[in-house]
Amino acid sequence: MTDTTADARIPLTVLGAGAMGTALVRAWLAAGHPVTVWNRTPARAEALAAQGATVAGSAAEAVSANRLVIACLLDDASVGAALDGADLTGRDLVNLTTGTPAEGRARAVWATERGARFLGGGIMAVPPMIGSPESGGHVLYSGSADLFEEHRETLAVPAGTRFVGTDPGFAALHDVALLSAMYGMFAGMAHAFALIGPEDVDPRDFAPLLVSWLGAMSGSAHQAAEHLASGDYGKGVVSNLAMQVAGSATLLRTAEEQQVSTELLTPYLALMERRLAEGHGEEDTTGVVELLNLRRAATDRP
């Protein structure tokens, strides 16, 4: 956790004492910050009182206690419901509730209309990672740059911080984009484990190979980013799309032999085949992003 001086240990309010909210409160308390906490189910908030938190009887009371207000609730609707009737004038509202980019932007307007500064956040961590710098957990922030700079040290106590832009929806956008990539990886791992499942292969022996290979391949994100930024999908290609589509038949035949469903694999392979059919065989696979962009496809229609 970030070491703070006595003068820097500003008081703050946390709305929400679920697993993540509780972890955040404990981290700030451990660093010496006075914390006022509110939760819709009072028993969860009361459990933090023994650790030094002040429990408020209502969300409005909790908001009135401190200038810096952290919301970590179930969803965006929960944020609106909790803050309905609270006086946000002069408050700095940091919303760490998981939501969509559109919800983040709308909530920023809503907060500004009520006299508050707003910062959206996306927590890239699970509760056990909070308060442990070595865990690699961090929080993405977007919205008021002034709010972020003023409270940077306090916000850095539970986890690392990264400001991703003044658009209040960008934190949620980055959060969901990263989570989407994670689930794609999980899908690939599930398919891989299913392939070896019928054989005399210990998954514990296979896992290190899987981790090493995925780690090596994850670096291709840098080349993909360069291709997307330049629009040149053929620069520095090592294994082109035509070659990869041809090789994908082996993946499907192996799945058939192992009696494993290809439902986690075929959507991506179908996009590769479609991109190849459009004449992009000498590129790498980054071009499938073009096929996923529905807004661009709509503007390309005659």
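Between which two helices is the loop that holds Glu278 found? Glu278 sits in the loop between H12 and helix H13 (288–292), and the tour will return to this residue at its end.

**Before starting**

The model is a predicted one, in which local features need pLDDT of at least 70, side-chain atom pairs count only at pLDDT 80 or more, and totals for chains, interfaces and linings use all residues. Residues are numbered from 1 along each chain as its sequence is written, and side-chain values use heavy atoms, with hydrogens and water left out.

**The whole chain**

Display the chain as a cartoon. It contains 14 helices and eight strands; these are DSSP runs, helices being H or I of at least four residues and strands E of at least two, numbered from the N terminus. The C-alpha trace spans about 65 × 55 × 35 Å along its principal axes.

Next, show the surface. The accessible surface is about 16300 Å², and carbon and sulfur atoms make up 57% of that area; accessible areas come from the Shrake-Rupley method with a 1.4 Å probe, and for residues only the protein chains shown count as cover. Of the 302 residues, 39% count as buried. Buried means under 20% relative accessible area, exposed over 50%, and partly exposed in between (1.4 Å probe, protein chains only).

Contacts, defined as heavy atoms within 4.5 Å, may be considered next. Among those with a separation of 6 or more, 60% join residues 24 or more positions apart.

Colouring by charge shows 20 positive and 34 negative charges, whose mean positions are 5 Å apart. Lys and Arg count as positive and Asp and Glu as negative, while His and the chain ends are not counted; each charge is placed at NZ of Lys, CZ of Arg, CG of Asp or CD of Glu.

**The cavity**

Rolling a probe the size of a water molecule over the atoms shows where empty space is left. On a 1 Å grid over the protein atoms alone, a cavity is a set of points where a 1.4 Å probe fits but cannot get out, and a pocket is an open set with protein on both sides within 12 Å along at least five of seven lines; lining residues have an atom within 4 Å of a point. Grid points are joined across faces, edges and corners, and a volume is the space filled by probe spheres set on the points.

A search of the whole structure finds one cavity of 30 Å³ or more. Select Asn95, Thr97, Gly99, Gly104 and Ala172, which lie nearest the centre of the largest cavity among its 16 lining residues. Helix H5 (101–113), strand S6 (117–124) and helix H8 (170–196) are the elements that give two or more residues to this lining. The largest share, four residues, comes from S6. The space inside this cavity is about 130 Å³.

**The second largest pocket**

The second largest pocket holds about 360 Å³ of space. Select Gly18, Asn39, Cys72, Leu73 and Leu74, the closest to its centre of the 17 residues that line it. Helix H1 (19–30) and helix H4 (76–83) each supply at least two lining residues, and the largest share, three residues, comes from H1.

**Individual residues**

Return to helix H8 and select His191, which lies there. Is His191 buried or exposed? His191 counts as buried because its relative accessibility is 9%. Leaving aside neighbours within four places in sequence, its contacts are Ala255, Val260, Ser261, Thr262, Leu264 and Leu265.

Gln259 is found in the loop between helix H11 (241–257) and helix H12 (266–277). Gln259 has a positive phi of about 55° although it is not a glycine. With a relative accessible area of 74%, Gln259 is exposed.

Move to Phe206 in helix H9 (residues 203–218). Beyond its neighbours within four places in sequence, Phe206 is in contact with Ala192, Phe193, Ile196 and Val201. A C-alpha distance of 8.4 Å separates Phe206 from Phe193, 13 residues apart in sequence.

Then select Tyr141 in strand S7 (residues 138–143). Tyr141 counts as buried, at 2% relative accessibility. The C-alpha atoms of Tyr141 and Val94 are separated by 8.8 Å, the two residues being 47 apart along the chain.

Finally, come back to Glu278, which is partly exposed with a relative accessible area of 44%. Draw a line from Glu278 to Glu61: they are 217 residues apart in sequence and 60 Å apart in space, C-alpha to C-alpha.
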